[in-house]
Amino acid sequence: MKLIFEKGKEGRGCEMLPESDVPVTAPSEKFLRKKELRLPQVSETEISRHYTQLMKRTFGVNNGFYPLGSCTMKYNPKVNDDMAKLPGFTEVHPLQPESTVQGCLEVLKKTEEALCEVTGMDAIDFQPAAGAHGEFAGLKLIWAYHQDRKDVKRTKIIVPDSAHGTNPASAAMAGFSVINIPSTKEGYVDLEELRKVVGEDTAGFMLTNPNTIGMFDENILEITRIVHEAGGLNYYDGANLNAIMGIARPGDMGFDVVHLNLHKTFSTPHGGGGPGSGPVGCKEQLIKYLPTPRIINKDGSLTFDSKSEVSIGRVKAFYGNFLVVVRALTYILTLGAEGLRKASENAVINANYMLHLLKDTFDIPFPGPCMHEFVISLEELKKEKGVSALDFAKTMLDYGNHPPTMYFPLIVHEALMVEPTETESIETLKEVAEIYKQIYDRAQKEPEALHLSPVTTVVGRPDEVAAARNPILRYQFK
Amino acid sequence: MGNYVPNTPGEQQEMLKELGVNDIRELFRAVPDQVYLNTPLKLAKGLSEFEVKRRMKQIAAKNTVFSSIFRGAGAYHHYIPSIVTQITSKEEFVTAYTPYQAEISQGILQSIFEYQTMICELTGMDVSNASVYDGATAAAEAVIMCKERKQRKALVSAAIHPQTIETIRTYCMGTDMEMLLIPLKDGRTDLEKLEEMLDSETSCVLLQQPNFFGQLEDCDAVGEILSGTEIKYILSCNPISLGLLKTPAEYGAHIAVGEGQPLGLPLSFGGPYLGFMATTEKLMRRLPGRIVGETKDHKGERTFVLTLQAREQHIRREKASSNICSNQALCAMTAAVYLDAMGQKGLAQAAQLSMSKAHYLAERLCELKEFSLAYEGDFFNEFVTDYQGDVDKLLTGLEERGILGGYPLGAGQLLWCATEMNTREEIDALLEAIKEVLGA
């Protein structure tokens with residue numbers, strides 16, 4: 001389809017603003033823009049239809065099953081969006097006096113209290129705008145803690161090889177060096193390896209639990225003990241928290257810092273890539289290092305507090321992606337304690353059920369029970385029939401399904417990571433399992449056909465090599 | 001209690017039975033007894049949708065929505081065309097994930113490609129990313145992006161937004177990047193001091209145009225100072241101003257960043273906003289964030305994909321030069337629809353109106369003997385006044401009259417802002433209100 005720049009005509013456009021009702025003050029010549037500004041010249045009809053066309057070329061949770069592992073693509077309740085559109089939230093300037101923003105502060109405080117209860121942490125801060133940003137902030141807390149104790153030789157962060165790429169990347173960005181440790185063949189943290197690498201230079205250990213294979217690490221208490229005894233802190237990547245809300249809490253497992261993804265676990269929509277929200281939480285002894293300002297109760301009203309001199313400072317302007325927090329609070333108030341637990345239980349039931357439906361056909365290297373997700377390996381299929389995880393995933397597109405996460409975790413070859421979430425029905429799980437089996441069958445009989453998939457989508461597989469080798473990153477005007 | 005689980009309790013039991021599980025605890029057998037919760041979380045009971053709406057509306061009602069806003073300081077009240085909100089509420093756009101599966105994500109990918117093109121047009125740069133978290137993090141990322149093996153000093157103007165300075169400080173802390181502040185002179189960056197501070201370890205220089213105090217910096221002079229050196233020139237800009245004012249590229253900047261909120265995003269107590277980031281072709285592979293590129297599918301059809309992924313965390317892990325997964329995609333789409341609707345003329349008009357209103361406001365304020373302009377330089381839509389009187393009393397008095405006055409900077413200074421939203425009538429009413437408060 002055409003780009004918006006290829007639509008419209010010279011001189012066409014919309015009228016949005018009135019004539020000036022005050023004398024016009026023009027900028028002096030020195031500051032005046034000389035370069036022509038080429039924006040689309042389109043009517044409102046054209047804009048409307050353009051985006052309707054784009055909408056039809058987009059796949060959202062409303063379109064169908066979206067089992068993107070570790071991304072928790074659950075249904076996004078519409079009431080959340082409605083609440084985030086209340087003028088009482090959208091029309092509030094971030095630098096209004098505190099007495100005029102008590103509602104906003106209450107949203108942040110209430111959500112903090114609820115998430116502390118869910119995670120077993122003592123404080124939560126909402127400044128981080130996304131998961132990777134939350135990791136960065138959390139690792140800075142660990143850095144500040146050791147600095148403050150003059151324990152400056154602690155410069156290393158230990159990360160298992162099953163971790164999301166953001167873990168090592170965030171650690172490096174926060175100024176640490178990274179030690180990768182292998183996992184056991186069951187997908188757990190290798191305790192021997194962990195014992196070998198911890199020591200006086202250990203700043204902390206990062207873990208996603210349930211891990212990226214969808215397993216809850218049964219040695220979790222031993223793991224956190226080993227790190228603590230070596231003088232390090234434990235960091236909990238909350239990407240997979242959807243498995244354990246109301247069932248177990250990172251704070252009780254020995255974790256000192258956690259980040260959450262409100263756009264995963266707490267049902268806020270992902271917007272085609274954001275805005276998300278990646279709040280960072282911590283235990284009492286780390287609160288003073290959290291980003292400022294903090295929100296505190298004082299004489300019956302909520303107020304900002306920026307007193308801590310050892311805070312890591314800001315990680316962002318203002319207070320985070322506030323409207324995303326509004327959505328998460330709406331969700332938490334709707335579900336309550338019981339509903340959150342039910343959500344996690346059903347996420348786990350659904351994942352196990354789907355695994356059960358698939359296990360006779362597919363190679364599932366870590367058979368259940370799993371938590372909220374599981375991993376299929378197509379290594380054999382690749383070897384025998386030449387059908388890769390990519391071919392398989394692309395064929396799913398022809399069946400109107402969003403594929404699972406591909407080629408992750410890295411420790412499983414030809415991996416497909418499936419996270420159905422609790423908001424899918426048993427009929428959907430059965431239907432999709434049948435589709436996966438049908439595709440498997442086709443892979444045996446006509447493997448070549450799968451290399452050519454998808455065939456029903458608006459475009460076929462893109463030439464990614466050409467895209468990276470000869471980058472075209474903007475429209476070139478004729 | 002609201003509920004988004006479709007399977008009935010009966011179905012859940014059946015599924016467990018089929019799994020050969022008697023009690024759900026068996027599925028969680030890896031969770032040690034010591035941490036398995038046998039009591040409910042201490043949270044309120046869930047609410048129906050009807051109840052939750054009432055509760056949230058009660059909370060929202062505790063905020064004051066001012067009918068008249070003369071405050072900017074990093075968050076700007078601009079007109080948002082109806083089509084912007086309509087389009088960005090479409091369920092597909094709202095609920096999609098990052099466009100990993102290009103074949104079913106051409107809509108999102110194309111919208112980002114169009115956004116990238118618009119940011120390039122606004123800033124005059126060659127390449128834009130798909131967005132970062134906000135203006136402050138965009139500036140911090142730009143500083144980090146300029147790090148060289150031997151050049152690790154970032155010279156940052158003290159006249160940029162104070163929260164941006166704080167953010168850059170956090171990003172540099174604990175790494176081998178160092179931030180040094182260039183002092184102020186008459187509300188602008190002291191360029192003589194800047195020249196003195198430059199040395200062989202300087203990696204970049206960052207200014208904001210217009211700066212935090214609303215003043216227009218002599219960015220041409222900075223471009224001249226830095227030309228012929230290897231030092232990178234970063235400019236943070238107000239995107240609306242670029243409808244009228246010189247582009248970062250025209251000033252000779254290597255990296256343009258800024259807060260995209262003025263492009264169609266409501267104030268929303270500070271977020272979600274939009275960090276934009278653009279650079280030259282030469283620095284393209286250092287740019288962090290998601291980037292969408294054009295390619296072809298096997299039939300030769302134009303196709304868009306996430307590209308230059310060799311920079312990113314999921315490929316390079318600890319060696320990555322980009323550690324951004326979720327960005328502000330829907331906010332970027334908002335900005336793109338805003339720019340479609342405004343067009344070049346509309347954007348220039350918004351900029352011109354903002355500038356004219358701010359000057360009218362300044363002129364009217366200075367009619368009062370208590371107010372005078374703090375700085376003499378050119379300004380765009382914000383300016384600082386010195387106020388001979390009790391600032392708190394003045395602002396409270398205005399708030400009681402539904403007006404959010406200038407942002408207090410301390411020492412009797414107020415940072416005022418006007419945009420196309422402030423009608424002449426509203427500005428005149430502000431003056432009357434001030435006179436009332438002064439007379440009281």
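1. How much space lies in the second largest pocket? About 790 Å³. Please keep in mind that this is a predicted model. Lining this pocket are 35 residues, and those nearest its centre are Lys85(A), Leu323(A), Thr85(B), Thr88(B) and Pro266(B).

2. A word on what builds that lining. The most comes from α2(A), with four residues. By class, the second largest pocket is lined by 17 nonpolar, eleven polar and seven charged residues.

3. Now for the largest pocket, which holds about 1200 Å³ of space. Its lining has 50 residues, with Thr405(A), Met406(A), Tyr100(B), Gln309(B) and His314(B) closest to the centre. Elements giving two or more residues include α5 (131–148) and α11 (389–398) of chain A, as well as β12 (302–306) of chain B. Sorted by class, the lining of the largest pocket comes to 25 nonpolar, 16 polar and nine charged residues.

4. Chain B is also worth a look for its domains. The assignment gives domain 1 as 68–79 + 343–439 and domain 2 as 82–337. Taken over C-alpha atoms, the centres of these two domains of chain B are 28 Å apart. Their contact takes 25 residues from domain 1 and 23 residues from domain 2.

5. What about the area buried between the two domains of chain B? The figure is about 2000 Å², and carbon and sulfur atoms give 68% of that. On the domain 1 side, Leu347(B), Tyr375(B) and Phe380(B) lose the most area, together 29% of what that side buries. Between these domains the count of salt bridges is zero.

Definitions and conventions
Residues are numbered from 1 along each chain as its sequence is written. Chains are lettered from A and ligands numbered from 1 in the order in which they are written. This is a predicted model: local features need pLDDT of at least 70, side-chain atom pairs count only at pLDDT 80 or more; totals for chains, interfaces and linings use all residues. Side-chain values use heavy atoms; hydrogens and water are left out. On a 1 Å grid over the protein atoms alone, a cavity is a set of points where a 1.4 Å probe fits but cannot get out, and a pocket is an open set with protein on both sides within 12 Å along at least five of seven lines; lining residues have an atom within 4 Å of a point. Grid points are joined across faces, edges and corners, and a volume is the space filled by probe spheres set on the points. Ala, Val, Leu, Ile, Met, Phe, Trp, Tyr, Cys and Pro count as nonpolar, Asp, Glu, Lys and Arg as charged, and the others, Gly among them, as polar. Domain bounds come from an automatic or database domain assignment. Contact means heavy atoms within 4.5 Å. Buried area is the accessible area (1.4 Å probe) that two parts lose on being put together, summed over both. A salt bridge is a side-chain nitrogen of Lys or Arg within 4 Å of a carboxyl oxygen of Asp or Glu.
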